[in-house]
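Visitor: I'd like a close look at just one part here, the packing on the inside. Please take me through it slowly.

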Amino acid sequence: MRAFIFPGQGSQAIGMGQALAAASVSAREVFQEVDDALGQHLFQLMVEGPADELMLTENAQPAIMANAIATLRVLEREGGIRLADKAEFVAGHSLGEYTALCAAEALGLADTAKLLRVRGAAMQAAVPVGQGAMAALLGLDFAAAKQIAADAAENEVCEAANDNAPGQVVVSGSKAAVERAVELAKVRGGKRAMLLPVSAPFHCSLMEPAARAMEKALAGADLRAPLVPVYANVTAAPVADPAAIRTLLVEQVTGTVRWRESIEAMFAAGVTDFVEFGGKVLGGMVKRIAPDATITSVVSMADIEALAKTL
(Lines give C-alpha, C1' and ligand atoms only; values in the text may rest on other atoms or scores of the structure.)
Protein backbone atom coordinates (compact mmCIF):
# COMPACT_ATOMS: atom_id res chain seq x y z
CA MET A 1 0.00 0.00 0.00
CA ARG A 2 1.10 3.56 -0.73
CA ALA A 3 0.49 7.05 0.68
CA PHE A 4 1.19 10.39 -1.00
CA ILE A 5 2.38 12.97 1.54
CA PHE A 6 2.86 16.73 1.38
CA PRO A 7 5.22 19.05 3.32
CA GLY A 8 4.43 21.96 5.63
CA GLN A 9 5.93 25.36 6.27
CA GLY A 10 9.71 25.56 6.28
CA SER A 11 10.20 23.83 2.93
CA GLN A 12 10.00 27.09 0.97
CA ALA A 13 13.13 28.37 -0.83
CA ILE A 14 13.94 30.91 -3.52
CA GLY A 15 13.89 29.17 -6.90
CA MET A 16 11.27 26.61 -5.91
CA GLY A 17 9.33 25.36 -8.91
CA GLN A 18 11.48 27.20 -11.44
CA ALA A 19 13.08 24.20 -13.14
CA LEU A 20 9.79 22.29 -13.12
CA ALA A 21 7.94 25.20 -14.75
CA ALA A 22 10.66 25.49 -17.40
CA ALA A 23 10.28 21.81 -18.24
CA SER A 24 6.52 21.32 -18.05
CA VAL A 25 3.41 23.13 -19.25
CA SER A 26 1.41 21.24 -16.60
CA ALA A 27 3.51 22.84 -13.86
CA ARG A 28 3.23 26.28 -15.45
CA GLU A 29 -0.56 25.93 -15.52
CA VAL A 30 -0.63 25.22 -11.77
CA PHE A 31 1.48 28.26 -10.92
CA GLN A 32 -0.62 30.47 -13.24
CA GLU A 33 -3.89 29.26 -11.71
CA VAL A 34 -2.61 30.03 -8.21
CA ASP A 35 -1.41 33.48 -9.32
CA ASP A 36 -4.83 34.18 -10.84
CA ALA A 37 -6.67 32.95 -7.74
CA LEU A 38 -4.64 35.18 -5.44
CA GLY A 39 -4.36 38.16 -7.77
CA GLN A 40 -0.63 38.13 -7.13
CA HIS A 41 2.61 37.23 -8.92
CA LEU A 42 3.34 34.51 -6.35
CA PHE A 43 5.34 32.36 -8.75
CA GLN A 44 7.63 35.29 -9.54
CA LEU A 45 8.16 35.72 -5.78
CA MET A 46 8.94 32.00 -5.47
CA VAL A 47 11.55 32.23 -8.21
CA GLU A 48 13.11 35.63 -7.56
CA GLY A 49 12.35 36.48 -3.93
CA PRO A 50 13.03 38.50 -1.89
CA ALA A 51 13.39 35.74 0.68
CA ASP A 52 11.90 37.73 3.55
CA GLU A 53 8.71 38.25 1.53
CA LEU A 54 8.47 34.57 0.57
CA MET A 55 8.97 33.66 4.24
CA LEU A 56 5.80 35.56 5.22
CA THR A 57 3.28 32.94 6.29
CA GLU A 58 0.58 34.22 3.93
CA ASN A 59 2.97 33.74 0.98
CA ALA A 60 4.86 30.65 2.12
CA GLN A 61 1.74 28.54 2.65
CA PRO A 62 0.21 28.87 -0.85
CA ALA A 63 3.70 28.72 -2.41
CA ILE A 64 4.55 25.39 -0.78
CA MET A 65 1.16 24.02 -1.77
CA ALA A 66 1.51 25.20 -5.39
CA ASN A 67 4.97 23.66 -5.72
CA ALA A 68 3.78 20.27 -4.42
CA ILE A 69 0.63 20.22 -6.56
CA ALA A 70 2.66 21.20 -9.64
CA THR A 71 4.92 18.21 -9.01
CA LEU A 72 1.94 15.89 -8.66
CA ARG A 73 0.18 17.31 -11.75
CA VAL A 74 3.22 16.69 -13.91
CA LEU A 75 3.26 13.07 -12.73
CA GLU A 76 -0.46 12.69 -13.39
CA ARG A 77 -0.75 14.46 -16.74
CA GLU A 78 2.59 13.64 -18.32
CA GLY A 79 3.19 10.32 -16.62
CA GLY A 80 -0.36 9.09 -17.11
CA ILE A 81 -0.77 8.35 -13.41
CA ARG A 82 -4.04 8.65 -11.43
CA LEU A 83 -3.66 9.31 -7.71
CA ALA A 84 -6.68 7.16 -6.89
CA ASP A 85 -5.06 4.19 -8.67
CA LYS A 86 -1.65 4.54 -7.03
CA ALA A 87 -2.29 5.73 -3.45
CA GLU A 88 -4.56 4.36 -0.74
CA PHE A 89 -4.19 7.47 1.46
CA VAL A 90 -2.96 11.06 1.42
CA ALA A 91 -1.63 13.13 4.29
CA GLY A 92 0.13 16.44 4.83
CA HIS A 93 1.99 18.19 7.62
CA SER A 94 0.02 21.23 8.85
CA LEU A 95 -0.63 23.33 5.72
CA GLY A 96 0.25 20.15 3.81
CA GLU A 97 -3.12 18.74 4.85
CA TYR A 98 -4.72 21.30 2.52
CA THR A 99 -2.34 20.22 -0.25
CA ALA A 100 -3.32 16.60 0.39
CA LEU A 101 -7.00 17.50 0.08
CA CYS A 102 -6.31 19.36 -3.17
CA ALA A 103 -4.32 16.39 -4.48
CA ALA A 104 -7.25 14.09 -3.69
CA GLU A 105 -9.65 16.52 -5.40
CA ALA A 106 -11.58 17.37 -2.23
CA LEU A 107 -10.64 21.01 -2.85
CA GLY A 108 -10.02 22.81 -6.12
CA LEU A 109 -6.62 24.38 -6.66
CA ALA A 110 -7.88 27.99 -6.65
CA ASP A 111 -9.93 27.40 -3.50
CA THR A 112 -6.95 25.77 -1.78
CA ALA A 113 -4.74 28.75 -2.58
CA LYS A 114 -7.35 31.20 -1.28
CA LEU A 115 -7.89 29.19 1.93
CA LEU A 116 -4.16 29.07 2.60
CA ARG A 117 -3.87 32.81 2.01
CA VAL A 118 -6.60 33.37 4.63
CA ARG A 119 -5.00 30.81 6.96
CA GLY A 120 -1.54 32.33 6.68
CA ALA A 121 -2.73 35.88 7.20
CA ALA A 122 -4.99 34.91 10.11
CA MET A 123 -2.23 32.94 11.84
CA GLN A 124 0.17 35.86 11.47
CA ALA A 125 -2.41 38.33 12.80
CA ALA A 126 -3.47 36.20 15.79
CA VAL A 127 -0.43 37.07 17.93
CA PRO A 128 1.60 40.32 17.76
CA VAL A 129 5.14 39.79 16.44
CA GLY A 130 7.55 39.06 19.27
CA GLN A 131 4.94 37.84 21.75
CA GLY A 132 4.91 34.21 20.66
CA ALA A 133 7.55 31.58 19.94
CA MET A 134 8.12 27.95 19.00
CA ALA A 135 10.95 25.63 20.00
CA ALA A 136 12.15 22.18 19.00
CA LEU A 137 12.81 19.76 21.85
CA LEU A 138 15.03 16.93 20.64
CA GLY A 139 15.79 13.64 22.32
CA LEU A 140 12.62 13.51 24.42
CA ASP A 141 9.53 11.39 23.84
CA PHE A 142 6.18 13.09 23.33
CA ALA A 143 4.91 12.51 26.87
CA ALA A 144 8.05 14.06 28.39
CA ALA A 145 7.92 17.04 26.01
CA LYS A 146 4.23 17.60 26.73
CA GLN A 147 4.95 17.60 30.48
CA ILE A 148 7.77 20.10 30.01
CA ALA A 149 5.40 22.37 28.10
CA ALA A 150 2.81 22.14 30.89
CA ASP A 151 5.41 22.84 33.59
CA ALA A 152 6.88 25.76 31.66
CA ALA A 153 3.53 27.46 31.06
CA GLU A 154 3.21 29.10 34.51
CA ASN A 155 -0.19 30.67 33.68
CA GLU A 156 0.94 31.49 30.15
CA VAL A 157 0.52 29.34 27.04
CA CYS A 158 3.00 26.58 26.22
CA GLU A 159 1.71 23.54 24.39
CA ALA A 160 2.93 20.64 22.25
CA ALA A 161 2.43 21.83 18.66
CA ASN A 162 4.07 19.15 16.49
CA ASP A 163 4.80 15.53 17.32
CA ASN A 164 7.03 15.09 14.31
CA ALA A 165 9.01 11.91 14.96
CA PRO A 166 10.48 9.95 17.87
CA GLY A 167 12.55 12.43 19.86
CA GLN A 168 11.43 15.45 17.82
CA VAL A 169 8.65 17.52 19.38
CA VAL A 170 7.90 21.21 18.80
CA VAL A 171 6.30 23.34 21.51
CA SER A 172 4.47 26.61 20.90
CA GLY A 173 3.08 29.50 22.93
CA SER A 174 3.97 32.68 24.76
CA LYS A 175 7.60 33.66 24.20
CA ALA A 176 8.66 33.59 27.87
CA ALA A 177 6.94 30.25 28.47
CA VAL A 178 8.56 28.64 25.42
CA GLU A 179 11.95 29.95 26.56
CA ARG A 180 11.34 28.30 29.94
CA ALA A 181 10.51 25.05 28.13
CA VAL A 182 13.85 25.19 26.31
CA GLU A 183 15.71 25.48 29.62
CA LEU A 184 13.63 22.73 31.26
CA ALA A 185 14.28 20.38 28.35
CA LYS A 186 18.02 20.81 28.79
CA VAL A 187 17.90 19.75 32.45
CA ARG A 188 15.43 16.91 31.88
CA GLY A 189 17.51 14.87 29.48
CA GLY A 190 16.86 16.50 26.15
CA LYS A 191 19.70 16.20 23.65
CA ARG A 192 19.04 19.66 22.29
CA ALA A 193 16.43 22.40 22.57
CA MET A 194 16.29 25.56 20.51
CA LEU A 195 13.95 28.35 19.51
CA LEU A 196 12.77 28.18 15.90
CA PRO A 197 12.89 31.09 13.41
CA VAL A 198 9.12 31.36 12.94
CA SER A 199 6.88 34.40 12.70
CA ALA A 200 4.09 33.17 14.99
CA PRO A 201 3.31 30.44 17.58
CA PHE A 202 1.44 27.97 15.38
CA HIS A 203 -0.72 25.06 16.59
CA CYS A 204 -1.45 26.30 20.09
CA SER A 205 -4.41 27.96 21.79
CA LEU A 206 -3.05 31.44 21.00
CA MET A 207 -4.17 30.70 17.43
CA GLU A 208 -7.86 30.70 18.43
CA PRO A 209 -8.62 33.90 16.41
CA ALA A 210 -7.15 32.18 13.34
CA ALA A 211 -9.31 29.10 13.98
CA ARG A 212 -12.41 31.30 13.95
CA ALA A 213 -11.26 32.91 10.69
CA MET A 214 -10.78 29.47 9.14
CA GLU A 215 -14.16 28.29 10.39
CA LYS A 216 -15.75 31.15 8.47
CA ALA A 217 -13.60 30.61 5.35
CA LEU A 218 -14.17 26.84 5.30
CA ALA A 219 -17.93 27.26 5.75
CA GLY A 220 -18.06 28.83 2.31
CA ALA A 221 -15.58 26.50 0.63
CA ASP A 222 -16.59 23.86 -1.91
CA LEU A 223 -15.28 20.82 -0.06
CA ARG A 224 -16.01 17.40 -1.52
CA ALA A 225 -15.23 13.82 -0.50
CA PRO A 226 -11.58 13.07 -1.38
CA LEU A 227 -10.70 10.38 -3.93
CA VAL A 228 -8.91 8.54 -1.13
CA PRO A 229 -9.09 9.12 2.65
CA VAL A 230 -6.84 11.77 4.19
CA TYR A 231 -5.12 11.20 7.53
CA ALA A 232 -6.09 14.20 9.65
CA ASN A 233 -3.38 15.94 11.68
CA VAL A 234 -5.47 16.27 14.83
CA THR A 235 -6.79 12.71 14.99
CA ALA A 236 -4.02 10.72 13.23
CA ALA A 237 -6.88 8.79 11.61
CA PRO A 238 -8.35 8.61 8.09
CA VAL A 239 -11.32 10.78 7.21
CA ALA A 240 -13.36 11.12 4.02
CA ASP A 241 -16.57 12.87 5.08
CA PRO A 242 -16.53 16.54 3.96
CA ALA A 243 -18.30 17.82 7.10
CA ALA A 244 -15.81 16.01 9.34
CA ILE A 245 -12.87 17.29 7.27
CA ARG A 246 -14.16 20.87 7.63
CA THR A 247 -14.36 20.51 11.43
CA LEU A 248 -10.92 18.91 11.69
CA LEU A 249 -9.29 21.65 9.60
CA VAL A 250 -10.63 24.23 12.06
CA GLU A 251 -9.36 22.20 15.04
CA GLN A 252 -5.98 21.81 13.32
CA VAL A 253 -5.21 25.54 13.68
CA THR A 254 -4.90 25.25 17.46
CA GLY A 255 -4.34 21.49 17.76
CA THR A 256 -1.26 19.31 17.82
CA VAL A 257 0.02 18.03 14.48
CA ARG A 258 0.14 14.30 15.28
CA TRP A 259 2.49 13.40 12.46
CA ARG A 260 4.33 10.56 14.23
CA GLU A 261 1.05 8.86 15.09
CA SER A 262 -0.30 9.42 11.57
CA ILE A 263 2.66 7.65 9.98
CA GLU A 264 2.53 4.88 12.59
CA ALA A 265 -1.19 4.40 11.88
CA MET A 266 -0.68 4.29 8.11
CA PHE A 267 2.17 1.82 8.47
CA ALA A 268 0.03 -0.34 10.77
CA ALA A 269 -2.76 -0.20 8.16
CA GLY A 270 -0.37 -1.66 5.59
CA VAL A 271 1.25 1.38 3.97
CA THR A 272 4.88 0.53 3.23
CA ASP A 273 5.57 3.10 0.49
CA PHE A 274 5.49 6.85 1.21
CA VAL A 275 5.93 9.37 -1.62
CA GLU A 276 6.62 13.00 -0.67
CA PHE A 277 5.79 15.64 -3.29
CA GLY A 278 7.49 19.03 -3.47
CA GLY A 279 10.01 18.62 -0.68
CA LYS A 280 12.52 16.47 1.15
CA VAL A 281 11.49 17.33 4.70
CA LEU A 282 9.04 14.59 5.60
CA GLY A 283 11.09 11.68 4.29
CA GLY A 284 13.57 11.85 7.16
CA MET A 285 10.75 11.96 9.70
CA VAL A 286 9.02 8.97 8.12
CA LYS A 287 12.25 6.96 8.15
CA ARG A 288 12.62 7.56 11.89
CA ILE A 289 8.99 6.63 12.55
CA ALA A 290 8.76 3.59 10.25
CA PRO A 291 12.33 2.41 9.47
CA ASP A 292 11.07 -0.45 7.30
CA ALA A 293 9.06 1.81 5.01
CA THR A 294 10.21 2.96 1.58
CA ILE A 295 10.41 6.76 1.15
CA THR A 296 10.60 8.59 -2.18
CA SER A 297 10.99 12.38 -2.34
CA VAL A 298 9.81 13.92 -5.62
CA VAL A 299 11.00 17.44 -6.44
CA SER A 300 12.60 17.54 -9.90
CA MET A 301 11.56 16.41 -13.38
CA ALA A 302 14.07 13.57 -13.07
CA ASP A 303 12.44 12.50 -9.78
CA ILE A 304 9.01 12.49 -11.46
CA GLU A 305 10.23 10.44 -14.42
CA ALA A 306 11.93 7.93 -12.12
CA LEU A 307 8.81 7.58 -9.97
CA ALA A 308 6.53 7.13 -13.00
CA LYS A 309 8.58 4.08 -14.02
CA THR A 310 8.07 2.43 -10.62
CA LEU A 311 4.35 3.08 -10.12
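**Inside the packing**

Guide: Start with the largest nonpolar core, which has 78 residues, those with the most contacts inside it being Phe4, Phe6, Val90, Met207 and Phe277. A nonpolar core here is a set of buried Ala, Val, Leu, Ile, Met, Phe, Trp, Tyr and Cys residues joined through side-chain atoms within 4.5 Å; buried means under 20% relative accessible area with a 1.4 Å probe, protein chains only. Helix 5 (residues 57–79) gives the largest share of this core, 11 residues. Helices (H or I, at least four residues) and strands (E, at least two) are DSSP runs numbered from the N terminus.

A word on the source: this is a predicted model, where local features need pLDDT of at least 70 and side-chain atom pairs count only at pLDDT 80 or more, while totals for chains, interfaces and linings use all residues. Residues are numbered from 1 along each chain as its sequence is written, and side-chain values use heavy atoms, leaving out hydrogens and water.

Now zoom in on Phe6. Leaving aside residues up to four places away in sequence, Phe6 touches (heavy atoms within 4.5 Å) a list including Leu72, Val90, His93, Phe277 and Leu282. There's also a second, separate core of 20 residues, with Leu137, Leu140, Phe142 and Ala149 among them.

Note on methods. Buried means under 20% relative accessible area, exposed over 50%, partly exposed in between (1.4 Å probe, protein chains only).
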